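Here are my notes on the model you sent. Please read them with the structure open.

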Amino acid sequence: MSYPRQITDRVEIEALRGEFVDAVMMHDYDRLASLFTEDGAVRIPHVGAEAVGRDQIRAGVERMQAQWDCFVQMTHPGTIEIDGDSASGRAYISEVMFGPQHGSPRNHSVYHDSYRRTPDGWRFEERRYEIRYLDTTPLTGSTPEPATPELSTGRTA
């Protein structure tokens, strides 16, 4: 594989990981599901959760997000190993959550990923989520009032 192709692949995979976090944060579950191969999977072993296929992934993420009044996920660069049209890697995650039934956990986690090049670009084949640190101390802050449309879209009236 050529050096420029390797750089392009890495940039595209990193963009895929960023797109995932943005879709989660914006509650854009259709876009999130489209980032996976048709037979893609999300696995969260510590809670026994697994979703296989875009429909299950979309429904599972939407169901999980409905539990939280506030959910913030940040991704940090990790490794990427490319082998032709397949790749693997890790992305490091920090999360802050708040929900009346689940308290306010914060964690630092790792996504162990596998990727596949498709006609639509790189897609996740699998994301396996592993929590490395969990803090369940109650948060002292609060969620702000809903943003005005101008602030949430970045556009002015």
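The points below cover the basis of the model, the aromatic contacts, the salt bridges and a surface patch.

1. Basis. This is a predicted model, in which local features need pLDDT of at least 70, side-chain atom pairs count only at pLDDT 80 or more, and totals for chains, interfaces and linings use all residues. Residues are numbered from 1 along each chain as its sequence is written, and side-chain values use heavy atoms, with hydrogens and water left out.

2. Aromatic pairs. The structure holds six aromatic pairs. Rings of Phe, Tyr and Trp (its six-membered ring) pair if their centres lie within 6.5 Å; planes under 30 degrees apart are stacked, over 60 edge-to-face, and the rest tilted. Phe20 and Phe36 are edge-to-face, because their ring centres are 6.3 Å apart and their planes stand at 70 degrees. Phe20 lies in helix H1 and Phe36 in strand S1 (residues 36-44), so the pair ties together parts 16 residues apart in sequence. Helices (H or I, at least four residues) and strands (E, at least two) are DSSP runs, numbered from the N terminus. Both Phe20 and Phe36 are buried. Buried means under 20% relative accessible area, exposed over 50%, and partly exposed in between (1.4 Å probe, protein chains only).

3. Tyr111 is buried, as is Phe20.

4. Which residues do ring pairs link into a cluster? They are Phe20, Phe36, Tyr111, Tyr115, Phe124 and Tyr129. Arg127 lies over the face of Phe20, 4.5 Å from the ring centre. Arg127 also lies over the face of Tyr111, at 3.8 Å from the ring centre. The criterion is NZ of Lys or CZ of Arg within 6 Å of the ring centre and within 35 degrees of the ring normal.

5. A search of the whole structure finds 18 salt bridges. Each is a side-chain nitrogen of Lys or Arg within 4 Å of a carboxyl oxygen of Asp or Glu. Arg5 and Asp9 meet at 2.7 Å, N to O. They are separated by about one helical turn, because they are four residues apart in helix H1. Arg5 is partly exposed at 32%, whereas Asp9 is buried at 0% relative accessible area. Arg17 bridges to Glu14, with the closest N and O atoms 2.6 Å apart. These two lie three residues apart in helix H1, about one turn. Arg17 is buried at 0% relative accessibility; Glu14 is partly exposed at 28%.

6. Arg43 and Glu126 meet at 2.3 Å, N to O. The pair links distant parts of the chain, with Arg43 in strand S1 and Glu126 in strand S7 (residues 121-135), 83 residues apart. Arg43 is partly exposed at 25% relative accessibility, and Glu126 is partly exposed at 23%. Arg5, Asp9, Glu12, Asp85 and Arg117 are linked in a salt-bridge network.

7. Surface patch. Tyr3, Ile7 and Val11 make a nonpolar surface patch of about 330 Å². Patches take residues with over 30% relative accessible area and no salt bridge: like charges are joined within 9 Å, nonpolar side chains (Val, Leu, Ile, Met, Phe, Trp, Tyr) within 5 Å. Accessible areas come from the Shrake-Rupley method with a 1.4 Å probe; for residues, only the protein chains shown count as cover. Tyr3 is found in helix H1 (residues 3-25). Tyr3 is exposed, at 60% relative accessible area.
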